[in-house]
Amino acid sequence: MPALPRHVAIIMDGNGRWAEARGLPRIKGHRSGAESVRAVTRHAARRGLEQLTLFAFSTENWKRPAREVTYLWRLLRRYLIEERGEMMENGIRLDAIGRIDGIPRYVQDALAETKAITAGNRKMTLCLALNYGGRVELVDAARRLAADAVAGRIAPDAIDEAALEARLYQPAAPPLDLLVRTAGEQRVSNFLLWQLSYAELCTVDTAWPDFREDELDAVLAEYGTRERRFGGLVRK
Ligand code: IPE
Ligand code: IPE
Ligand code: MG
């Protein structure tokens, strides 16, 4: 059996291009992308991943037209409410990373409720990155470290990797094994900068609305062929 990643993160890209290629408004791509979220999440849990982290809205996505931004948040709210049954059926615990206090109140409320309802589920964690930026996550961790240092809870000399990691948004997450990006782009776009240090990377040309069970199986199979060395030598 090829190795299965414990933690997979996906940059869900290409919704807009998928729609434009069909002569549809961009928001139709987002709507169809929400179906992929449902299918891929369910399949990831069944395959046995411990965590699936999905990049849903970046700190940079506020630059988009207000109409598109509003549509995305409304879609997310609807998803958070409608998926509760599906999450309970599949043992999925919802979590979120990002500057959650900067997202619309009506999304924060739905998020808090879905997190509370699913908190006892153990099969897989679905983590949504919302108003998330990798640099901002490090800034927020630095702020927490500075506050702890000023309060005398940690000495500057005692700050090590574990101390910084403990102040990230989700310190107990399993180590990130695989980053997938859809729609052919070869960049990280400010996602999970700390966590990516030794993750395997896999980019696929498929746009997110067309990324479903078979496409997830394909990247998991690709991961199974990778040889991870972490700077050391492979034991023969
Ligand atoms: C990804 O699709 C969804 C979000 C970033 C919210 P895009 O909307 O970025 O689609 P493209 O890249 O313009 O095709
Ligand atoms: C990354 O996609 C953000 C999300 C998937 C939420 P973008 O479409 O925003 O990234 P760029 O602008 O192409 O780098
Ligand atoms: Mg994009």
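Which polar backbone atom is 3.4 Å from an oxygen atom of ligand 1? In this predicted model, the backbone atom in question belongs to Gly14.

Ligand 2 comes next. The residues around ligand 2 are Ile11, Met12, Asp13, Phe55, Ala56, Phe57, Ser58, Asn61, Arg64, Arg181, Arg187 and Ser189. A polar side-chain atom of Asp13 is found 3.1 Å from an oxygen atom of ligand 2, while for Asn61 the corresponding distance from a polar side-chain atom to an oxygen atom of the ligand is 2.9 Å. In Arg187, a side-chain N or O atom lies 2.8 Å from an oxygen atom of ligand 2.

Attention now turns to how helices pack. Two packed helices are described by the angle between their axes and the distance between the axes. Helix α3, spanning residues 66–82, packs with helix α5, residues 105–118, at an angle of about 25 degrees, and their axes are 9 Å apart. Because this angle is under 35 degrees, α3 is roughly parallel to α5. The crossing in which α3 passes α5 is left-handed. On the α3 side, the contact involves Thr70, Trp73, Arg74, Leu76, Arg77, Leu80 and Ile81, and these meet Tyr106, Val107, Ala110, Leu111 and Thr114 of α5. By class, the residues of this contact divide into eight nonpolar, two polar and two charged.

A second pair is formed by helix α2, residues 26–47, and helix α8, residues 213–224, whose axes come within 9 Å and cross at roughly 45 degrees. The two helices α2 and α8 are therefore oblique to each other, and their crossing is right-handed. From α2, the contact draws on Ala39, Val40, His43, Ala44 and Arg47, and from α8 on Glu213, Leu216, Asp217 and Leu220. Five nonpolar, one polar and three charged residues make up the contact of α2 with α8.

Note on methods
Residues numbered from 1 in each chain as written. Chains lettered and ligands numbered in written order. Predicted model: local features only at pLDDT ≥ 70, side-chain atom pairs only at ≥ 80, totals over all residues. Heavy atoms only, no water. Axes fitted to C-alpha atoms, helices over the stretch in contact; angles between N-to-C directions. Helix = DSSP H or I, 4+ residues; strand = E, 2+ residues; numbered from the N terminus. Parallel < 35°, antiparallel > 145°, perpendicular 65-115°, else oblique. Left-handed = near helix turned anticlockwise from the far one by under 90°. Contact = heavy atoms within 4.5 Å. Nonpolar A, V, L, I, M, F, W, Y, C, P; charged D, E, K, R; others polar. Polar contact = N/O pair within 3.5 Å; in protein donor to acceptor, adjacent residues only side chain to side chain. Near = heavy atom within 4 Å.
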